[in-house]
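I opened this notebook to keep a record of what I looked up, one entry at a time. The structure comes before the entries.

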Amino acid sequence: MKTENKWKHLLMKYLKKELVIEYKACLYFCCILFFYFTWLALKKIFLARVLYMCEMILTAYLTGYLQMYVFHSFDEAEHFGKKEFCRMLLCSFIYTTASYLGSWFDRHILTSCFFFLFMLFTYLCVYVFHRLKRAADTRNLNLLLTKYKEGGSFEYKGN
């Protein structure tokens with residue numbers, strides 16, 4: 001019975017990490033697509049290359065795994081310090097390098113620089129979002145605890 005619980009616990013821990021990677025890949029892929037589609041529209045091109053989109057999602061997944069297993073989900077960190085900033089720079093650089101090598105933006109240096117800045121901005125927005133979500137969850141849990149201590153009924157209004 002204990003072995004079964006251990007395996008179940010390990011499986012749930014693994015699935016939780018995989019769900020976070022899936023979330024990150026989808027989130028960053030959507031942001032990359034937004035930049036790509038905007039860039040195409042500014043050039044008055046209204047067709048996108050599927051191969052580029054496959055490269056974008058693959059890059060988003062690989063970077064998601066890097067963020068989860070090597071960088072310990074720095075974009076969800078409790079505080080933002082030098083280490084998190086360096087990791088944000090590195091991941092933005094990875095995306096920009098992939099975009100340049102894959103010629104997503106026709107290897108225009110200026111567009112690649114804007115893309116790098118866009119990815120930095122995206123990481124900052126994701127960090128702020130997670131920080132606000134944690135604060136809201138903390139407030140809700142504290143409210144639940146207070147109501148529970150008072151002996152009243154309570155209803156969780158979080159996720």
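Predicted model: local features only at pLDDT ≥ 70, side-chain atom pairs only at ≥ 80, totals over all residues.

Entry 1: I then looked up what Thr63 touches, leaving aside its neighbours within four places in sequence, and I noted contacts with Cys91, Ile94, Tyr95 and Tyr123.

**Entry 2: the rest of H2.** From Thr63 I went on to the helix that holds it, and I wrote down the buried residues of H2 as Tyr52, Met53, Met56, Thr59, Ala60, Thr63, Gly64, Gln67 and Met68. Seen down the axis of H2, these buried residues fall within an arc of 160°, so I recorded them as lining one face of the helix. As background to this pattern, I reminded myself that an α-helix has 3.6 residues a turn, so residues three or four places apart point the same way. On the face of H2 turned away from its buried side I found the exposed residues Val50, Leu51, Leu58 and Leu62. I also looked up what the buried residues of H2 pack against, and the partners are H1, helix H3 (82-101) and helix H4 (109-149).

Entry 3: Leu33 is found in helix H1, and at 12% relative accessibility Leu33 counts as buried. Leaving aside its neighbours within four places in sequence, Leu33 is in contact with Met53 and Met56, both of which are on the list of buried residues of H2. I also noted the distance from Leu33 to Tyr52, where the two residues are 19 apart along the chain and their C-alpha atoms are separated by 9.7 Å.

Entry 4: For H3 I listed the buried residues as Glu84, Arg87, Met88, Cys91, Ser92, Tyr95, Thr96, Ala98 and Ser99, and what covers them includes H1, H2 and H4. Cys91 and Tyr95 from this list had already come up among the contacts of Thr63.

Entry 5: Between Phe121 and Ser92, which are 29 residues apart along the chain, I noted a C-alpha separation of 9.5 Å.

**Entry 6: helix spans.** The 21 residues of helix H2 (residues 50-70) should span 30 Å, and the end C-alpha atoms are 29 Å apart, which agrees. H3 has 20 residues and reaches 28 Å from its first C-alpha to its last, close to the expected 28 Å. H4, with 41 residues, reaches 60 Å between the corresponding atoms, close to the 60 Å expected.

**Entry 7: positive phi values.** Before searching I noted that most residues other than glycine have a negative phi. Lys44, in the loop between H1 and H2, has a positive phi near 60°, and at 67% relative accessibility Lys44 counts as exposed. Arg107, whose place is in the loop between H3 and H4, has a positive phi of about 55° although it is not a glycine, and at 41% relative accessibility Arg107 counts as partly exposed.

**Entry 8: the largest pocket.** Last, I asked which residues line the largest pocket. They are Lys13, Lys16, Lys17, Val20, Tyr23, Met68, His72, Ser73 and Glu76, and the volume of this pocket is about 230 Å³. The largest share of the lining, five residues, comes from helix H1 (residues 2-42). By kind, the lining residues divide into three nonpolar, two polar and four charged.

Methods: Residues numbered from 1 in each chain as written. Heavy atoms only, no water. 1 Å grid on protein atoms, 1.4 Å probe; cavity = no way out; pocket = protein on both sides within 12 Å on 5 of 7 lines; lining within 4 Å. Points joined across faces, edges and corners; volume = space filled by probe spheres on them. Helix = DSSP H or I, 4+ residues; strand = E, 2+ residues; numbered from the N terminus. Nonpolar A, V, L, I, M, F, W, Y, C, P; charged D, E, K, R; others polar. Expected span 1.5 Å × (residues − 1). Buried < 20%, exposed > 50% of the residue type's maximum accessible area, 1.4 Å probe, protein only. Arc of directions from axis to C-beta. Contact = heavy atoms within 4.5 Å.
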